[in-house]
Amino acid sequence: MRGFAWSFTGSVGQAVLQIAATVVLARLLTPEEFGSVAAALLVVGLTQLVTQLGVAAALVHRRELTDRDVAAAFWFSVLLSAVFAALLFLLAPALNGLVGLPADSGLLRMLSVTLVLAGATAVPTGLLQRDLRFRPTAVVDLVAAGPGIIGVSVVLALLGFGATALAWAEIAAALIKCVGYLALTRPSVAVEAPSAAWRRLRPMLNFGSGYSLTQLGNWIALNADNLVVANVLGTGPLGVYTRAYNLLSEPANVIGGAADKALFPAMARVRDDGARLRHAYVRTSSLVALVTAPAAVLLFVLAPEVVHILLGAQWDAVILPVQVFALVLLPRTSYKISTSLTRATGAVFRAAWRQWLYAAEVVVLCSVGARLWGVNGVAIGASVAILLHFLVMLRFSARVSEGLMGAVLRMYVKHVPAVVAVALASWAVAAAVRPVGSDVLTLVAAAAAGGVAALGVLVLLRGRFAEELAVVANLRRGKKVPVPA
């Protein structure tokens, strides 16, 4: 839980900085420029995923780890990433057309350097997670998000660099993370004979390949909607869609991503104890719901104000997709907990086909939605796929301990009163204040009313949330939380 607290703090800081950058950049760059960089990052992200082969996760999962294991994994990751970076640079003109970019676009070639930096960062990332060193990780991530992404992108956008401002920001952030993580871990880089290094790599790659299959399916599921928009509707609509998706993915990444970073190494240590895994899963899911469920309601009700304040009135096309994504913010966040449990218990190959099923659902539903209702239809298709995947992963997670499925469903039911109270309070206040014509006043007043309603329900029903409140109280005191028998 302390690891989650630090991961959450770092993620919140990054989200705040990202929102600040969005407010500025949305007024300096066009949807076409946002869409062009988003399209290039699709190719780079897929290539990076293929080059990693689950090395970082394999390091976390191993029971015993030596310096020579670390060195073998490090050089494998760096060399493979360098090879793919060179291929991406050479094949960029041919790949541009696949994501709707002009053949002469230089974005892919610019971003190819991030593959090498990511390769050098993979092993330090695994070592930091393995040792639960989330505080220094959060500091490096904040530096990368602040001076790296935000400082570089805003300054270059002001200077008229256009889409390349965002590309240079990605390179700067990757460089900061690489240098920071290497300085924190100082991994062994001793070189040994290729045959000896391969013997060390084989068991890691056995786990890592299954993990990579899962991650590849997840990547396709998370990016297939962008590919559909880029190919069916173009880079302009892609800029609109990604702004809507990012507004909702930030809260999901802040909460679900922080939980995943902390839960995976923690669960891996007790992978054979079904009772502890069940209680960790249910407690974490409930703590996530305490924050995410009210936030989802507020984002749905206040989507017009959020979009106008953050992006400007010229981005009204983003409002409806934001509301659609708000409806699935909780399942979008919570399925990451199932992903952590899957990796911790080593069921990577059984999880892989479920991720590919999710990817297929996204492709089919978003393709249909794009042709029927454009960007709004893609948002609907992606949201339905998210909900289906959440249910599939919840059912898969139930295998680790008898009673997990029922415990999770009962846990969600007890959050319903807070959701209803927040919805009624925020909607009533927003409807009363909107005629004044101030987006800021409406947002502040309705959000405050929703927050008061949520806290009021929590106080009235505090007996139902005794375990969750105990976790928070003990966390503040630095005590361990007992696990019920």
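Biologist: Which residues do ring pairs link into a cluster with Phe325?
Modeller: This is a predicted model, where local features need pLDDT of at least 70, side-chain atom pairs count only at pLDDT 80 or more, and totals for chains, interfaces and linings use all residues. Numbering starts from 1 along each chain as its sequence is written, and side-chain values use heavy atoms, without hydrogens and water. Rings of Phe, Tyr and Trp (its six-membered ring) pair if their centres lie within 6.5 Å. Ring pairs join Phe325 to Tyr241 and Tyr245.

Biologist: Is the pair of Phe74 and Trp75 stacked or edge-to-face?
Modeller: Planes under 30 degrees apart count as stacked, over 60 as edge-to-face and the rest as tilted. The ring centres of Phe74 and Trp75 are 5.2 Å apart, with 80° between the planes. That makes the pair edge-to-face.

Biologist: And how are the rings of Tyr241 and Tyr245 arranged?
Modeller: Their centres are 6.3 Å apart. Their planes stand at 25°, so the pair is stacked.

Biologist: How do H4 and H9 lie relative to each other?
Modeller: The axes of helix H4 (residues 67-96) and helix H9 (residues 194-233) come within 9 Å. They cross at roughly 80°, and angles of 65 to 115 degrees count as roughly perpendicular. The two helices are therefore roughly perpendicular.

Notes: Axes are lines fitted to C-alpha atoms, for helices over the stretch in contact, and angles run from 0 to 180 degrees between N-to-C directions. Helices (H or I, at least four residues) and strands (E, at least two) are DSSP runs, numbered from the N terminus. Angles under 35 degrees count as roughly parallel, over 145 as roughly antiparallel, 65 to 115 as roughly perpendicular and the rest as oblique.
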